[in-house]
Structure formats: C-alpha cells, structure tokens
Amino acid sequence: MEFGGIPVYIFLLSVSIPLVFGNLQAPALNPSLLTQSKNLADCQACKLFVESFKKGLERTARGKYEGGDAAWEEEKLKKSYKRSEMRLIDIQEGVCKEEKTHSVQCHHMAEKAEEFIEEWWSQDPDESADLYTYICIDKMRVCCPVHHYGKDCAPCPGDHANICNGNGKCRGDGTRKGNGTCLCDPGYTGENCDHCSTGYYLSYKDDNKMLCSLCHRSCLGGCRQGTQKDCVACKTGYTFDTEEGCLDVNECDDINKCSKNQFCVNSLGSYACMSCDKSCDSCHGDGPDMCRKCAKGYSKKGEFCIADREDEDQSEKLTTTRYMTYVGLLIATGILLPKSTTLGSIVGFMVLSYIVGAEYYCMINGHEGLVNLKDYDLSQLFRT
Ligand SMILES: *[C@@H]1O[C@H](CO)[C@@H](O)[C@H](O)[C@H]1NC(C)=O
C-alpha cells in the first residue's frame, strides 16, 4: 500500500516520530488564538482594553488602605491613592486579565495605549469621562464615532436614522476601516439595500421599511411569493406541476437508483442510498427485519434474518459424536470378526445398517451427513 508514492512505513514513521518526541511540536500558543488575533479588528481590541481598564478603575475606586488606624488617616491615604502612580500600576497589572478569548490582542492594545493612559492619568481626569472616545478615537485613532467610517471618520452616507434602508450596515461603521458603502443583510442587495437578492421576494413595503423573504426551497432563481406555486423555476430534484407548482421527485420509485445491497431513502429535492443490514442480501429498509433476501449464513425466522452460527455449532457437535459412535462400533466389529466370522458378519451388517440408516435420517433432516460414505467400500471389512 502506498500513499501518493510514499511507502507506508515511511508515512507511519513520519507520523510517529512527532508523537514519540512530542515536546518538539507542542505549540506554545493555542493556534486558535493566533487566528482570532487576525479576526479581531483594532477598534474592537481597543474597546476591550478600555472596558477592562474601566473595571480596574472601579476595582480600585475604594482605595487600598482600608482599615487605617484612624478615620482621618484613612481619608487622607485614600485621597492620595486616588491619583497615585500606585493606583495606575494596580489597574494596569490587572488589565485584560478577565479577558479569555482575546487576551493577546487586549494586552497588545494595552501596551500601545500605555503612553496615552499615563497622559490622561496625569491630567487628574474625571473618571466618568468617556475614556473610549479619548483613547480609541482621539489618541489611538483606531475607532470612529457611531455612523462614521474610514481614516478620517467621514459620516456614513444617507439617513443616519435609517442606514442602508435598515437592511444593512455602513462598511467600517465606528472604525477607521471600510469605505462607507452598504454591506447588506442576507436577502438584500443594491447600493442602499433596497432590492431583494435572487431567491428572495418582496414580502412587505411601506414608506420607510421593506422586507425581503426567502422563496420556497423548491424554487430555482426567483419567485413571486413564498409557496412552491410561486416559483419562477424548479430546482433539480423537483418537478413542475401546473396545479401544485414544484413537487419533490421521489427518486426511490426508480428501483435501480441504489446498488444491490442498499436501500433508497427519499428526501425533499434529493435521495440517499443507505447500506442494508449485514444479515440481508437485499432489502427495502434498515434493520434485519427489512431483508428481501437473507445474506449467506443467515436464514429467515419470522420477519428477521438470523445468523445460522448457533445452529451450526450444535450440529457440528452432533456430527462429531455420531462419527465417534461409528468408529466405536466398527472397532468392536473388527475385534469380533477374527473370532467368529458368522457373529462378526451379523454384527458388521447390523452396524453398517445402523450407519446407513442414521446417515439417511440425517440427510433427509438437513443435517450435514457423511457425504462421501459411498466412497468407502465398507463391505471390504467383511470379506476376510
Ligand atoms: C467598498 O468596499 C467593498 C468591500 O471592501 C468593495 O466591494 C467595494 O467595491 C468598495 N466600493 C467602493 C466604491 O470603493
């Protein structure tokens, strides 16, 4: 056996070596983290960082020196902590810690934002001020205000109360990316998302709202309404009926759809061939009770095809016992024969009759018989 020209043992070797020396390939980072870092836009990462920083502000808002000796002392320490370098460090140490899936990007953003955060901190800021706007929009320049996009945060075109007809969003909305064109929701198309895509039909429209709905699953291309009667054309697996529209074709009506040891299952627009139960030689459904014919080694018992093996085991045992009886009888005859030819012949004849009778009985009852009994000239035994 070869895989694309590489002998199997080389293939197995190349697979097993990294397994044996597992430490060589163990990745230091979860690979899914690396893909996510590409997926998460800078603006999103900045938003995560700011959220996390705000939690840090809350966490440290009540001060660190609780339980001071005297109330006045505690108050004084609290005040000094509030704007201290120490509190900023406490916040920054905990930042992005609660973030699980995007912690790498969050930390990365925290690093980049550090100088702006320090600048903000040194201005004795109002903690309820909009840190997101300050850091992500004004300083880091990775985000834009709502319904603004691109490098210079240009306003998204159109009516901001009804962007893209309410059926899409402005590309780059709220970020420094995109070109402001409409990214339409599924089912909508057009510059302003004011048309239905192929496979959808207009199901509602008034002065400020339009809705597109999915055509019936049997439709190919467009439709006028949502039923199978409204299709412009039918998908493969469906047939057109002037009364009923697009109807599912029952492919299983064609008995040659599946191969001999399979049965056919129809589904909407399609069909599947499934393997028969192992006890069947051909079947019209799943399970040992759905056989048309039993497989070799199985026989019909009522509805089911049952393995013959248990029967075989029993009859094998029976056959062995039978043959041993024959041998015993023949040996007895052999001992008797030299002593008294007459008696020996009579016993020999009786033994022979018994064997022939037993084998005949077995044969007509369908048990395995001494098939080649005829090949042995047993009468030879009695000639001497
Ligand atoms: C805007 O961007 C989208 C996707 O990035 C692109 O398909 C489209 O052509 C662009 N439109 C203009 C006017 O640049």
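## Overall organisation

Two residues are taken to be in contact if their C-beta atoms, placed from the backbone, lie within 7 Å. On that basis, 33% of the contacts in the protein chain between residues at least 6 apart in sequence join residues at least 24 apart. The model is predicted.

The protein chain has 384 residues, and buried residues account for 18% of them. Its secondary structure consists of 9 helices and 20 strands.

## Packing of α3 and α6

Two packed helices are described by the angle between their axes and the distance between the axes. Helix α3 covers residues 42-59 and helix α6 covers residues 103-122; their axes come within 8 Å and cross at roughly 80 degrees. Angles of 65 to 115 degrees count as roughly perpendicular, and α3 and α6 are therefore roughly perpendicular to each other.

On the α3 side, the residues in contact are Ala45, Cys46, Leu48, Phe49 and Ser52, which meet Gln105, Cys106, His108, Met109, Ala110 and Ala113 of α6. Classified by residue type, this contact of α3 with α6 comprises 8 nonpolar and 3 polar residues, with no charged residues.

## Helix α7

Helix α7 spans residues 131-139, and its buried residues are Ile135, Cys136 and Ile137. Seen down the axis of α7, these buried residues fall within an arc of 160 degrees, so they line one face of the helix. The buried residues of α7 pack against both α3 and α6, the two helices whose axes cross at roughly 80 degrees.

After α7 comes Arg141, which has a positive phi, near 55 degrees.

Key
Residues numbered from 1 in each chain as written. Predicted model: local features only at pLDDT ≥ 70, side-chain atom pairs only at ≥ 80, totals over all residues. Helix = DSSP H or I, 4+ residues; strand = E, 2+ residues; numbered from the N terminus. Buried ≥ 20, exposed ≤ 12 C-beta atoms within 10 Å, placed from the backbone. Axes fitted to C-alpha atoms, helices over the stretch in contact; angles between N-to-C directions. Parallel < 35°, antiparallel > 145°, perpendicular 65-115°, else oblique. Nonpolar A, V, L, I, M, F, W, Y, C, P; charged D, E, K, R; others polar. Arc of directions from axis to C-beta.
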